[in-house]
Amino acid sequence: MAKILADKRIETKHGRSRPVAKRHMPWGTWALTLNAIFVYTFLYVPIIVLVLFSFNAAKVGAQWQGFTLQWYNELFADARLGDALWTSLKIAGLSTLIATTIGTLAALALEKRGWRGRKAFDTGLYLPVIIPDVVMAVSLLGFFTLAFRQFQALLGLNLAMGLWTVIISHVAFNISFVTVVVGTSLANFDRRLEEAAADLGATPWQTFWKIKFPLIGPGVLGGALLSFTLSLDDFVVTFFTRGPGVNTLTTEVYGRIKKSISPEINAISSLMLLGSTILVLTSLWMQRRRQA
Amino acid sequence: MNTPTWAVELDHVTKEFRGSTAVRDVSLKIADGEFFSLLGPSGCGKTTLLRMIAGFENPSSGDIYIEGELMGETPANRRDVNTVFQSYALFPHMSVAENVAFGLHMKKINKADVATRVKQALDMVQLHAFGDRRPKQLSGGQQQRVALARALINEPEVLLLDEPLAALDLKLRKEMQLELKSIQQRLGITFIFVTHDQEEALTMSDRIAVMELGKVLQVGQPTEIYERPKTRFVADFIGECNFIDGTVLAVENGAVTLETDGGVRVVGTGMFPVAAGDHAVLAVRPEKVRLVEGQQPQGTNVFAAIVERVAYIGSDTRIIVRLPDGSPFDVWEANTVSTLDPNQYYTAGDPVYVTWATQNSLILER
């Protein structure tokens, strides 16, 4: 590498008189490029290895023994995994629906100026975005335990952890993400359009549904997709807040790797990776799609 | 009711925003079918006034009547006025035709009628071929026409226009000025037009209200505003004007004599009751001043001066001369003769006499 760099320098030194050597790359740019390569290697090599090994014919070990789709076939025949996937989708679907509704309303409230505590509310909403998952998970667990005790004491109700506690927890962290994404979309919304609609006789309700919602729609959909992805990918919060018998894809994978990393695990992970990537890209694409 | 109703009546309207006053105690009566302009520099409160008529803001105090009806806090969607916004505010997710039809849809007018009227409205602004396009696919001038059609299709009693031509280039702006005026005359709708462009206001308006710092300084026809400005600000803001500060020496038959600090005497028509000893200012427009070469002319308001700068702008030549006390003075001469002879034009350093008739200059409060 050093040799190549040295050659480049010489080339640029004489480059001025020679029209051939047009490119001139300063050292800073080189350093940054190297850094970028390093970062991407660090990020993606493990993923690439994982995906490659999901097609590896070897049952154990890190040796390449030929291409196979066997693990994927086994995967699709695995009833437990099918159940886990269905549970994941139920949680993600319901929590996304609820979080998108609440999050969008929160973003709309935050956009309105002149009410007390707006700033605090705004800052507070970002908290779940930055705090570690495990803190969120433990606090939710604590909350449920406390709440159950109160319900027991005051109403005589016996509540227990289950699927619904996972859904509530996912709603809790997804609201923040939806609010942030919808908020960005609202920031780009030209408020004069609302005035124009009112001027033309539209009631506030009509203005919202005919003008504002269609224009922030891509943002809302983007927020929903992000929320769905985060919910599908979540392990920590799910692990702490689930009731007995609730198994999602991530908890199922975790349960299996406690024994060993099998090629089947690689295959599930690869598929989850593919699914998440598609969701995230779609979400980004929705957000970026301005009114053409 | 026997009392005449006005299209819009403002009664002691004041608007305050968090400690600053945008509009101060404005009272105006705008007649039906009038083309009325609110003219002033940015920040003078003209847009706030328009927004209060539209219903986007409520006055802090005072009343607004539209067609004799007290508006109070009636929201924008229940006022019989429509607005053409400065930024056009077209709905980007709708086609041009859908934009234009929006107001009629809100009124639940049946589809066939909407289609006919949208077609008429687009014909009126010469955009019949563009109904299916999105606003972004149109030029600024075309978007402006869509905004106009979208407002006018509702046949409002009053159309409010917030600097609608500001974003257009000069040529297009001139065209649109004429077109707006002709549409207004044809439809007989009251137009309230906000602008900071004095030439635009003079060209189009029946009457103009000149505003500064939230106050209306003067209301009048374009000729009144230009020829009989009541304050120095109005005289200065509308067109160009030379000012000479001084102290009143004498008042005779409406002619007021001022003496400057440098001891020069000037005479102008009195617009205000002034008495000897008052501070006042003489205002004279550059096109009403004559330059004379050679022999000193007779009469009042004659000064020897030196030509300092000459700007030939085609229709006129604009000459800046220096008066004996060192102050600059603008003189415009219409180029009524076509010639390339350099001797027919002034050059810097020429000694000249500056003169104007008493009735062409005004004495204003300082």
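How many bridges join β15(B) to strand β19 of chain B, and do the two strands run parallel or antiparallel? Three bridges join β15(B) to β19 (residues 351-355) of chain B, and these strands run antiparallel. The model is a predicted one, in which local features need pLDDT of at least 70 and side-chain atom pairs count only at pLDDT 80 or more, while totals for chains, interfaces and linings use all residues. Residues are numbered from 1 along each chain as its sequence is written, and chains are lettered from A, with ligands numbered from 1, in the order in which they are written.

**Chain A**

- Chain A has twelve helices and zero strands, where helices (H or I, at least four residues) and strands (E, at least two) are DSSP runs numbered from the N terminus.
- The C-alpha trace of chain A spans about 80 × 60 × 30 Å along its principal axes.
- The radius of gyration of chain A is 26 Å, whereas a compact globule of 292 residues would have one near 19 Å; this radius is taken over C-alpha atoms, and the globule rule is 2.2 Å times the number of residues to the power 0.38.

**Where chain A touches chain B**

- In this interface, 16 residues of chain A are in contact with 18 residues of chain B, and two residues are in contact if their C-beta atoms, placed from the backbone, lie within 7 Å.
- On the side of chain A that touches chain B, α8 (192-199) and α9 (204-233) of chain A each supply at least two residues, and the largest share, six residues, comes from α8(A).
- The residues on that side of chain A divide into eight nonpolar, four polar and four charged; Ala, Val, Leu, Ile, Met, Phe, Trp, Tyr, Cys and Pro count as nonpolar, Asp, Glu, Lys and Arg as charged, and the others, Gly among them, as polar.

**The domains of chain B**

- Chain B is divided into domain 1 (8-235) and domain 2 (242-365), with bounds that come from an automatic or database domain assignment.
- The C-alpha centres of domain 1 and domain 2 of chain B lie 39 Å apart, and five residues of domain 1 of chain B are in contact with six residues of domain 2 of chain B.
- The residues on the side of domain 1 of chain B that touches domain 2 of chain B divide into one nonpolar, one polar and three charged.
- An unreviewed UniProt entry carries the annotation "domain: ABC transporter" for residues 8-238 of chain B; UniProt positions are given in the numbering used here, feature names are shortened, and annotations may be inferred rather than shown by experiment.
- Over residues 8-238, chain B is 36% helix and 26% strand, and the end C-alpha atoms are 25 Å apart.

**Strands and pairing in chain B**

- Strands of a sheet pair through backbone hydrogen bonds, either parallel or antiparallel, and here two strands pair if DSSP finds at least two bridges between them.
- An open sheet of five strands in chain B has the order β15-β19-β16-β17-β18, with antiparallel pairing, and its edge strands, β15 (290-292) and β18 (328-334) of chain B, each pair on one side only.
- Within β19(B), Val354(B) is the bridge partner of Leu291(B).
- Strand β3 (residues 35-39) of chain B runs parallel to strand β9 (residues 207-212) of chain B, joined by four bridges, and Leu39(B) stands opposite Val210(B) in β9(B).
- β9(B) also pairs in the antiparallel sense with strand β10 (residues 215-220) of chain B over five bridges, and Glu212(B) stands opposite Lys215(B) in β10(B).
- The hairpin of β9(B) and β10(B) has two residues between the strands, and Leu213(B) takes a positive phi near 50° there.
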